[in-house]
Amino acid sequence: MNKMVKKAIALLATSIAFVGFGTTVSSLNETASAATQKKAKAKKAKKKVVKKQTKKTTAKKKSHITYLKGDKGDKGDTGATGAQGPKGDTGATGAQGPKGNTGATGAQGAKGDTGATGANGTNGTAGTQGGKGDTGATGAKGDTGATGQNGKDGKDGKDALSDVYYNITDYGVKSGDSSVDTGAVINKIIAQLPSSGGTILVPNGDFYLKTPVVINRNHVRIKGINAGLRSNVDPDSGTAMPGGGSRLIMDANNTTGIQIGVAGKTPRISGVEIDHLNMLGSNDMGGKTEQKLISGPQDSDGLKIHDIAMKNATYGIVLSGADTPDIRDNWISELTNGVHLIGASQQAKIVNNFIGAQPGGISVKLDNPYAASITSNNIYPDGFTNLEINNGDHVMISNNNIQSYYSRAVYLTGKYNTMSNNSIYVRGNKDNPKGFDKKIGDVYVSGDNNVLQGNHLTSEQESEATRELIMGGNNNTVKLDTIDGAASNSKVVINGSANNNKVIYSINNDEFQNGNNPTNTNLPVGGSDN
């Protein structure tokens, strides 16, 4: 505290002693404070006057001094950045932002305790009876009942030919019983068939034909289980298992196994089927009685012969005047003659068979056929002729495998016939059993407008033997045939009486003979005409 204040306070204290009891200490303090503030104001005013006078004096002094203005100095370097000042006060709180999105719903709280069961209410008035309820669900299936006693063996299921099915064993026939004439039994069944026809079943076993089976009505089928063993050679080898099969065995005195119609007595027969049988003659290919396993002595339509093994007879199949017969998938061998269609036939099909005859017979023979197809057969020795077509018209012979030991393996006459893509093999150099000269050719052709094309003929006959002979007729063509085997200057020979026959790209000129008829020409393999 300065001296002036102290003095004032002392003065005031002295004054208090002389003041009456009505004066308070508080009043004295207020008086002292007012005096101090007055004195401070006076001092501040004095300093202000002194400062003003000093300023004037300085200005007067300056007016008497002349300053020379020098060159402006270079700009000084920027001073260092000063230290950062203290952090300012926190600003005022901003306005409240917009309301945020509602948060996800929280998990459901735990289930509360079940409330106490209320007291039972009073019984209400009985309501009217409700409607009938829905039918209940079906109960589970009960256990299968016990199997009943075996019934009598039934017949096979319905056949494609008709709804009527007959098993020959239902009519007193027993397998292996040669005393029973199965032919007579089958004939009785045929007589009982309805007009729509029916199927007669020959089951597994051996059944004997003392008399022929005669089919004298339409749509009759004779069906076996299977053809059993095909060859007599199989059992002799000792390696074959039992073949089973449905076997019809001809008696030695019986001339025919199955006969379609009676010539001059029955109308034209249609829709006959014979299949899946084993048929045997009894003459062992040398018996005195001529036997035919299947015979058709009159005209027929649509005969089918499938999957049959035939042997031990003079003929396998002989049909007269058969239109559209279908002979396929058979094994016809170990008999004198195979398949013969005599009289005249139309649209015959002989397809995919194995056919073999004996030296005195012909494997396949057709007389006066029209538009027959002989396709994909295996025709093998030992017949004196494998295939004979007499007066054929538009016959197609294709894709067969033909093998023979003799000349005249194929004999073809007629017109507009085609023989293509066959394999013909004449094995060895044997004489024909019927005495035909080897110049008759391995393949013999006579007629008009016949075509031999794309065949492969291999012959082991002597060099003078003719391979292909065009004996007569006009405008026949041999084209792209391959003729090989033993060397020969007679691979294609044309008789001089035939005209305008052509050989194209099949042989060389020195293997060709035109019968000294210049209309018969050869365009050799090399391409230059003769």
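**Exercise 1. Find which residues line the largest cavity of this predicted model, and sort them by class.**

Step 1. List the lining. Val-445, Leu-452, Glu-468, Leu-469, Ile-470, Asn-476 and Val-478 line the largest cavity.

Step 2. Sort by class. Five of the lining residues are nonpolar, one is polar and one is charged. Glu counts as charged, and Glu-468 is in the lining. Asn-476 also belongs to the lining.

Step 3. Find the main contributor. Strand S34, residues 468–472, gives the most to this lining, with three residues.

**Exercise 2. State how many cavities of 30 Å³ or more the structure holds, and give the volume of the largest.**

Step 1. Count. The structure holds one cavity of 30 Å³ or more.

Step 2. Give the volume. The largest cavity has about 40 Å³.

**Exercise 3. Work out which strands pair with S6, and in which sense.**

Step 1. Take strand S3, residues 205–209. S3 pairs with S6 in the parallel sense, over five bridges. Within this pairing, Gly-205 stands opposite Ser-246 of S6.

Step 2. Take strand S9, residues 273–280. S9 and S6 run parallel and are joined by three bridges. Here Ile-249 stands opposite Leu-280 of S9.

**Exercise 4. Explain why strand S6 is described as largely enclosed.**

Step 1. Set the cut-off. A residue is buried when its relative accessible area is under 20%.

Step 2. Apply it. Strand S6 covers residues 246–250, and four of these five residues are buried.

Step 3. Conclude. Because four of its five residues are buried, S6 is largely enclosed by the rest of the structure.

How values were computed
Residues are numbered from 1 along each chain as its sequence is written. This is a predicted model: local features need pLDDT of at least 70, side-chain atom pairs count only at pLDDT 80 or more; totals for chains, interfaces and linings use all residues. Side-chain values use heavy atoms; hydrogens and water are left out. Buried means under 20% relative accessible area, exposed over 50%, partly exposed in between (1.4 Å probe, protein chains only). Helices (H or I, at least four residues) and strands (E, at least two) are DSSP runs, numbered from the N terminus. Two strands pair if DSSP finds at least two bridges between them. On a 1 Å grid over the protein atoms alone, a cavity is a set of points where a 1.4 Å probe fits but cannot get out, and a pocket is an open set with protein on both sides within 12 Å along at least five of seven lines; lining residues have an atom within 4 Å of a point. Grid points are joined across faces, edges and corners, and a volume is the space filled by probe spheres set on the points.
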